[in-house]
Amino acid sequence: MSIITALEPQQRRAGRINVFVDGQFIIGVGEGVAASLRLRLGQEITPERLTEIASAEELHRATEAAYTYLETRARSEKEVRDRLSRDEYPDEVITQVIDKLREMTLLDDSQFAKQWVQAKTNVAGSRPVGRRRISSQLYQKGVHKDTIGKALAEVTDDDEIELARAAARKKVRALSDDPEIARAERQRLIAFLQRRGFSWETCKRVADESFSPPEDAFDDEDPAEE
């Protein structure tokens with residue numbers, strides 16, 4: 001019969017314990033894992049019990065990895081799942097971690113989408129973007145399209161125009177007196193705003209404002225309609 005012969009704190013990693021069975025080191029676990037499994041000296045250790053300890057420790061490490069990943073900013077469920085997958089945790093462990101984070105309200109795609117939209121629609125931000133770009137970003141992060149739609153519903157057409165104006169101010173530094181140069185710069189501004197995810201109508205309106213065209217405004221066509 002194999003038994004636990006020592007439970008020793010690790011010297012280099014606080015909060016972790018080395019488990020010895022029959023005088024030999026078997027596994028290192030977190031203090032929380034040792035407490036939850038009620039590991040103690042003299043306890044009998046079967047192969048099944050050892051598997052249980054190893055599984056609990058793997059879940060603990062995956063959860064800690066997720067906590068660390070969430071420290072820098074809020075994440076979508078897909079982002080956390082992809083990160084843990086890259087760290088080669090089994091799918092069943094990842095699912096357990098995701099479920100736990102949901103219960104703790106540390107993962108909520110609806111709230112994540114709202115926060116993302118708020119951050120990206122800050123006129124004072126360094127890179128104002130439009131609703132199309134935001135929608136694409138959230139979709140790439142695995143957020144459901146209905147959730148994206150609800151988050152973006154808070155952004156009005158007027159909000160989008162103000163964001164485009166802010167982006168244009170950062171792009172247009174000086175206006176040329178040469179009509180041809182001004183026309184070329186205006187076209188570049190429209191292309192720039194479209195890449196930032198603003199609608200064609202918004203891009204054209206802000207470009208017209210930025211370059212103050214005469215009454216017969218530049219005759220443009222939406223490239224998407226050509």
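Modeller: A salt bridge is a side-chain nitrogen of Lys or Arg within 4 Å of a carboxyl oxygen of Asp or Glu. Please bear in mind that the model is predicted.

Biologist: What makes the pair Glu57 and Arg16 a salt bridge?

Modeller: The closest N and O atoms of Glu57 and Arg16 are 2.9 Å apart. The rule asks for a distance within 4 Å between an Arg nitrogen and a Glu oxygen, so the pair qualifies. Across the interface of domain 1 and domain 2, one salt bridge is found.

Biologist: Which residues belong to domain 1 and domain 2?

Modeller: The domain assignment places residues 1-45 in domain 1 and 54-106 in domain 2, with 109-210 forming domain 3. The C-alpha centres of domain 1 and domain 2 are 24 Å apart. Seven residues from domain 1 and four residues from domain 2 take part in the contact.

Biologist: How much area do domain 1 and domain 2 bury between them?

Modeller: The size of an interface is often given as the accessible area lost when the parts come together. For domain 1 and domain 2 this is about 380 Å², with 69% of it on carbon and sulfur atoms. Arg16, Ile27 and Val33 supply 68% of the area that domain 1 buries against domain 2, more than any other three residues.

Biologist: How many residue pairs are in polar contact between domain 1 and domain 2?

Modeller: There are two residue pairs in polar contact, both at pLDDT 80 or more. On the side of domain 1 that touches domain 2, strand β3 (residues 24-30) gives the most, with four residues. By class, that side has four nonpolar, two polar and one charged residues.

Biologist: Where is Arg40, and which residues is Arg40 in contact with, leaving aside its neighbours within four places in sequence?

Modeller: Arg40 sits in the loop between α1 (31-36) and α2 (47-71). With those neighbours set aside, Arg40 is in contact with Ile4 and Leu7; contact here requires heavy atoms within 4.5 Å. Arg40 and Ala6 are 34 residues apart in sequence, and their C-alpha atoms are 8.3 Å apart in space.

Definitions and conventions
Residues are numbered from 1 along each chain as its sequence is written. This is a predicted model: local features need pLDDT of at least 70, side-chain atom pairs count only at pLDDT 80 or more; totals for chains, interfaces and linings use all residues. Side-chain values use heavy atoms; hydrogens and water are left out. Domain bounds come from an automatic or database domain assignment. Buried area is the accessible area (1.4 Å probe) that two parts lose on being put together, summed over both. A polar contact is a pair of N or O atoms within 3.5 Å; within protein, one must be able to donate a hydrogen and the other to accept it, and residues adjacent in sequence count only if both atoms are side-chain atoms. Helices (H or I, at least four residues) and strands (E, at least two) are DSSP runs, numbered from the N terminus. Ala, Val, Leu, Ile, Met, Phe, Trp, Tyr, Cys and Pro count as nonpolar, Asp, Glu, Lys and Arg as charged, and the others, Gly among them, as polar.
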